[in-house]
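Here is a friendly walk through one structure, told as questions and answers. Have the viewer open and follow along.

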Amino acid sequence: MVHVPEDRSPAADPVDTHCPYCSLQCGMTLRPVPQGAGPDGAPGSGPDGGPGGGPGGVEVLERTAFPVNRGALCGKGRTAPAVLSSRVRLTEPLVRRPDSGRLEPATWEEALDRIAEGLAATGRAHGRDAVGVFGGGGLTNEKAYALGKFARVVLGTSQIDYNGRFCMSSAAAAHQRAFGLDRGLPFPLADVARTGCVILVGSNLAETMPPALRYLTELKEAGGRLIVVDPRRTRTAEQADLHLAPRPGTDLALALGLLHLVVAEGRVDEEFVERRTSGWPEARAAAMAHWPELVERITGVPVPELRAAVAMFCDAENAMVLTARGPEQQSKGTDTVGAWINLCLATGRAGRPLSGYGCLTGQGNGQGGREHGQKADQLPGYRKLADPAARAHVAAVWGVEPDALPGPGRSAYELLDALGRDVRALLLMGSNPLVSAPRAAHVEARLRSLDFLAVADVVLSETAALADVVLPVAQWAEETGTMTNLEGRVILRRAALTPPPGVRTDLWVLGGLAARLGWEKGFPADAEEVFEELRRASAGGPADYSGITYRRIAEEDGVFWPCPESADGAGPHPGTPRLFLDRFATEDGRARFVPVGHRPAAEEPDAEYPVVLTTGRVLAQYQSGAQTRRVTELNEAAPAPYVQLHPLLAERLGADEGAPIAVVSRRGRAVAPARISRDIRPDTVFMPFHWAGPGRANTVTNPALDPVSRMPEFKVCAVRLEVAAEAEAAAEAARTEG
């Protein structure tokens, strides 16, 4: 498909780059297309199939040499240039006029002046921590680094976090507790196809990252086994040798039950446990309190299926557990992931080739975004903000005193919940929390209560529409920068087009704001210059990028961190595709078992709210939908939200296919058409979360937080169902009678 964005000049030659969406960061090539010309001289087409209106555009081509996707692209990647169109994106700054109350065009000078004054005035009136910064897991490493530096050095605020907190923070916390280091996959994705058994927990990667499905297909073709844990029979579960369908919120009990059987059946790798781990007696005792029959009562998974899963996992010479948002987006997500890690450690499936635990990171730079400083408790290189040595190192790179750096701040939901009260002004980049945050109606109210809100984004998202100032920023195909994919592979996005005349990069924006706030230097607009500083700041940290350069990334199709800079005379460090083969990243080099026990979800079903809601993604949309909902082809495939429910539940409700169903929780109400299916448990309903408006799933979800990761419980909440038309008619009748 050819897309011809308006008002820009394409590069002269094809440009190798990467998809703007998920954490696979699939390789692709963008080929310049002159105005009115498509492949082989065919007429070019503009975004969404409309006529092209400018001097040229880009065509997406397969990039078969890139090892992660080997040329394969999903529909989102293939249609990504559609959002480059001036018809759907922001092309000039907008400022809310006091007289009309509307967002209207403004110059860049006026827009940046307004933001600088709004942030500065709030800080003067209410203190520096009254100014907040909210980032995104789609920002490049350079942007995430610069945003964290801007918050702590220029604004002097501790109040910075990002939407990646909602993505993989529970897995990150569990990684840190068990292994001493967090990298989503401690091995290349290609290793998945070569192991003997995979337990895939709470991931529907056939829809969320389709090019990765080939690794599971290749696993099975080579004789390996696939176990999928999901309350729904998804496209991914259909590929499984064994599908376990637990009640939402019981993944922790399931993992403990499997570990109990490993012990009871004598399948513990005692030599590995003795030589390479610590804490096993306590973890063993915790698991033995979860006998199979109890686990069946808690999870709904029959004991024979539990035994079959243990046999598949332990009989294989090598095996892996991979988790995603299902077990992680829970108020006990860290412990849940920890229980699956315990299963790997007890069976010796860690710290050796073709085995281990891994997290399938979701957002495009969900990995790099949590490494370089936009997280509330973090400094670049995955250093801890509370560590005096880390503060001293980074402060020296930044040219400030360590004591000038603020301490850790609020986590993402807690920051959003504080808006309009403790936090009075907010700078937001690359996020749409009005759709993506839990208890979204409350978050919307908090955003509206701010004294000042500035948003930098590529489109006028639902959150941007509330802002006092909106800045149009460049997109993936218009700027250069690095990303870090789910494997820990640092890759390079390259610019293929120049942005439209009224658009600037995020780095340019931060530099302009910093200059207005008294920092003329330290915030360059050139991405490679920022990366060179990031290398120095990360040197010696857990996520050490100091040996990585743009040239190396281009020549090697990405470099795996940690990759320290080599000593004088030594050759370049090769990077680290596989972690923990010799030792784990703990002080004693041993992986740590963490004893955990099952506990209920923060909100269990009851007589008033008897059904469980779980949420997730669909193939044709991405995250809050701010970009994908602007692509015609994707909207034709997935035009609106829906409520998936079992026929038995639909019968009890008296609902037919397509009937409007109200999903009601203690926090609010979402309405969407019924999609009746036997692919879901009778006690559970599912909604995708990509839409705003009446069908906004996150109006209903529970912000209860994991005590370690501060992850909200997106995946489990108690609801009741109503046939919406009948409920609304009854409400109207009651109002009339009143």
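Predicted model: local features only at pLDDT ≥ 70, side-chain atom pairs only at ≥ 80, totals over all residues.

**Helices and sheets, question by question**

Q: In what order do the strands of the open sheet of seven strands follow one another?
A: The pairing in this sheet is mixed. Reading across the seven strands, the order is 6-5-19-18-17-7-8.

Q: Which strands of that sheet have one side left without a neighbour, and why?
A: Look for strands at the edges, each of which has a single partner strand, so one side of each has no neighbour in the sheet. Going across the sheet, neighbouring strands are turned against each other by 15° on average, direction ignored. The edge positions belong to strand 6 (103-105) and strand 8 (160-162).

Q: Which residue in strand 19 is the bridge partner of valine 455?
A: Strand 18 (residues 452-457) and strand 19 (residues 469-472) run parallel and are joined by four bridges. Within strand 19, the partner of valine 455 is valine 470.

Q: Which residue in strand 18 is the bridge partner of alanine 425?
A: Strand 17 also runs parallel to strand 18, and five bridges join the two. Within strand 18, alanine 425 has as its bridge partner phenylalanine 452.

Q: How many of the six residues of strand 18 are buried?
A: Take the two faces in turn. On one side sit Phe452, Ala454 and Ala456, and on the other Leu453, Val455 and Asp457; both faces are covered. Strand 18 is largely enclosed by the rest of the structure, because the buried count is six of the six.

Q: Which strands are the edge strands of the open sheet of five strands?
A: This sheet has parallel pairing and the order 11-10-9-13-14. Its twist averages 15° from one strand to the next. Pairing on one side only marks the edge strands, strand 11 (242-244) and strand 14 (356-359).

Q: Which residue in strand 10 is the bridge partner of leucine 200?
A: Strand 9 (residues 197-201) pairs with strand 10 (residues 225-229) in the parallel sense, over five bridges. In strand 10, leucine 200 is partnered by valine 228.

Q: Are helix 3 and helix 20 roughly parallel or roughly perpendicular to each other?
A: The axes of helix 3 (residues 141-155) and helix 20 come within 9 Å and cross at roughly 70°. The crossing is left-handed. Angles of 65 to 115 degrees count as roughly perpendicular, so helix 3 and helix 20 are roughly perpendicular.

Q: How do the residues of the contact of helix 3 with helix 20 divide into nonpolar, polar and charged?
A: From helix 3 come Asn141, Glu142, Tyr145 and Lys149; these meet Ala527, Val530, Phe531, Glu533, Leu534 and Ala537 in helix 20. By class, the residues of this contact divide into six nonpolar, one polar and three charged.

Q: Is glutamate 533 buried or exposed?
A: Glutamate 533 belongs to helix 20 (residues 527-538). Beyond its neighbours within four places in sequence, glutamate 533 is in contact with Tyr145, Lys149, Val397, Trp398 and Gly522. Under 20% relative accessible area counts as buried, so glutamate 533, at 12%, is buried.

Q: What separates the C-alpha atoms of glutamate 533 and tryptophan 398?
A: Along the chain, these two residues are 135 residues apart. Between their C-alpha atoms, the separation is 8.8 Å.

Note on methods: Residues numbered from 1 in each chain as written. Heavy atoms only, no water. Buried < 20%, exposed > 50% of the residue type's maximum accessible area, 1.4 Å probe, protein only. Contact = heavy atoms within 4.5 Å. Pairing = 2+ DSSP bridges. Axes fitted to C-alpha atoms, helices over the stretch in contact; angles between N-to-C directions. Parallel < 35°, antiparallel > 145°, perpendicular 65-115°, else oblique. Left-handed = near helix turned anticlockwise from the far one by under 90°. Nonpolar A, V, L, I, M, F, W, Y, C, P; charged D, E, K, R; others polar.
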